[in-house]
Amino acid sequence: MEIKNKLCLVVLVFSVLLAVSSGVDYKEKDPELRQCQHQCQHLRGADEQQKQICEQRCDDYIKQKKQEEKQRRGEGGGTSFYGYDEDQEQYQGQQRQQQQYDQNPYFFEDQDFETIVETDQGRVQILQKFTEKSDLLRGIQNFRIGSLITNPHSFVAPHHLDADCVCFVFQGRPTISMVRGEKRESHNLERGDILRVPAGTPVYIINRDENEKLFIVKLLRPVSLPDQFEAFFGGGGENPESIFRAFSPEVLQAAFKAGRDELQRLFGQQRQGSIMKASREQIQKMSHSSGGAEKIWPFHGDEPFSTSTKSGPFNLFKKRPSQSNQHGHLFEADFNDYKQLEELDIQISFANITRGSMVAPHFNSKSTKISFVLDGEGFFEMACPHLASQESSQRQQQPQRRSSSPSYQNVRGDLRRGTVFIVPAGHPVTAIASRNSNLQILCFEVNAKDNVKIPLTGKSNVVSQFEREAKELAFGVPVKEVDRIFNKQQDQFFFEGPNNQQQGRMWSVV
Ligand SMILES: [Cu+2]
């Protein structure tokens with residue numbers, strides 16, 4: 001009975017793993033299948049037969065999953081957009097997904113995040129160092145990206161980081177309190193707010209929302225070590241460990257002018273971790289509070305009272321979108337909107353791509369984009385000369401060896417909540433939303449000063465600025481033909497996506 005339960009548990013665990021992972025490959029080499037069967041082999045107390053049953057269940061599950069996927073697509077055979085039959089196409093899709101992860105240095109998924117804090121009230125996750133993934137990302141090696149997710153009515157213990165931090169609030173209603181000099185500044189934030197927390201600033205956070213989780217995306221720039229930062233907790237006892245505990249008792253007694261026992265009582269206690277539950281009364285008292293002794297009574301409600309202060313937040317959604325039509329909206333904030341971004345030389349943008357729509361293929365003249373998918377599904381495609389041949393790394397170090405003209409590899413990644421992709425400066429890129437949901441992407445654009453977004457198709461595309469002779473020479477066809485094609489797409493920046501059939505098939509592999 002116990003063994004049977006264990007068998008069920010193994011299958012269940014892997015069902016969940018498979019349900020959350022994309023790119024199910026039912027072929028022999030499938031890593032999940034291998035892992036599932038490996039677990040079967042190590043079931044304690046199971047005999048050979050039971051292990052075999054367990055392995056068979058793993059196998060059956062993956063086959064069934066494949067069958068369900070086929071049914072969900074609800075179609076028979078036929079030739080796809082790519083000219084393959086369906087099974088071939090699915091196989092290609094699976095191959096592509098595997099490659100996506102193995103060979104795509106610009107794309108990050110769940111497993112690339114490290115959970116650095118986790119309590120029953122929330123967690124902090126940080127993406128691995130960019131240069132750990134690939135040398136091609138060393139242009140952004142001084143940045144890290146991560147997220148904070150906490151429960152309703154929770155409290156993140158006071159701490160400071162040896163990193164500059166820019167927070168973007170996607171969900172929940174945090175109040176972020178910072179101690180600056182002899183004053184405290186508390187900012188009631190809402191969805192769309194951007195707030196910089198300078199390095200070394202003592203800070204604590206509540207989620208004052210009673211029902212909604214808090215979801216903040218953070219861009220960090222460490223100030224001590226180039227790609228590494230640490231949190232220092234000023235409160236707490238043993239968990240989180242207080243910074244005071246590192247000092248010797250004699251030093252603490254002198255520093256506090258207090259007795260050993262009372263210090264032991266304060267710093268010796270076991271706490272519930274750095275993200276904890278707060279009571280309704282505590283949340284109410286900590287909401288709407290302001291710096292120092294200044295009272296904001298009698299204000300009520302949720303208005304962020306401090307948006308006008310120099311160090312207060314900036315709401316990205318309160319600005320007019322810089323691009324907008326029925327296929328999507330682009331909101332952008334640079335240091336003219338929020339002065340605090342100037343020192344970090346970053347711009348923040350938020351693209352909401354309507355379901356079934358796409359972003360114009362475009363490139364950034366100077367910025368490298370660190371993109372965090374906040375919601376929805378879709379994919380991105382990018383042209384990368386660095387990956388185009390196996391010699392790319394050599395070529396990169398010795399550009400003089402590049403004799404012929406470069407070629408470009410299609411770099412692709414399937415996007416869903418929590419995935420991250422990097423678009424280096426100059427690299428043409430597009431993102432496409434699935435037919436099921438809008439795709440919402442937050443971008444931190446590093447090296448932002450004087451950056452220009454250059455659209456390759458649609459209204460105001462770059463070719464439309466060329467002289468007619470340049471167009472003819474560049475494309476080798478009469479200028480009429482160049483113009484005819486480049487003028488067809490009249491929308492600007494956001495377009496209708498690839499046609500339904502084509503997209504449906506593309507989606508079949510997700
Ligand atoms: Cu590249």
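Lys257 follows helix H6 and has a positive phi, near 55°. Helices (H or I, at least four residues) and strands (E, at least two) are DSSP runs, numbered from the N terminus. The model is a predicted one: local features need pLDDT of at least 70, side-chain atom pairs count only at pLDDT 80 or more, and totals for chains, interfaces and linings use all residues. Residue numbers start from 1 along each chain, as its sequence is written. A residue is called buried if 20 or more other C-beta atoms lie within 10 Å of its own, exposed if 12 or fewer, and partly exposed in between, with C-beta atoms placed from the backbone. Of the 8 residues of H6, 0 are buried, so the helix lies largely in the open.

The loop between strand E12 (231–233) and helix H6 (249–256) contains Pro240. Pro240 is joined to Asn239 by a cis peptide bond, with omega about 5°. Most peptide bonds are trans, and most residues other than glycine have a negative phi.

Positive phi values also occur in two loops between strands. His153 lies in the loop between E4 and strand E5 (154–161). Its phi is near 50°, a positive value in a residue other than glycine. His153 counts as buried because it has 20 C-beta neighbours inside 10 Å. Asn447 sits in the loop between strand E25 (439–446) and strand E26 (453–455). Phi of Asn447 is positive, about 70°, although the residue is not a glycine. Asn447 has 18 other C-beta atoms within 10 Å and is therefore partly exposed.

Strand E4 also belongs to a sheet. This open sheet has 7 strands in the order E2-E3-E4-E11-E6-E9-E14, with antiparallel pairing. Strand E2 (113–119) and strand E14 (314–315) stand at the edges; each has a single partner strand, so one side of each is left without a neighbour in the sheet. Two strands are taken to pair if DSSP finds at least two bridges between them. Strands of a sheet pair through backbone hydrogen bonds, either parallel or antiparallel.

E2 and strand E3 (residues 122–127) run antiparallel and are joined by 6 bridges. A hairpin of 2 residues connects E2 to E3. Thr119 stands opposite Gly122 in E3. Val117 has Val124 of E3 as its bridge partner.

E3 in turn is joined to strand E4 (residues 144–150) by 5 bridges, and these strands run antiparallel. Here Gln125 has Ser147 of E4 as its bridge partner. E4 is mostly covered, with 6 of its 7 residues buried. E4 also pairs with strand E11 (residues 214–222), in the antiparallel sense, over 7 bridges. Within E11, Leu214 is the bridge partner of Thr150.
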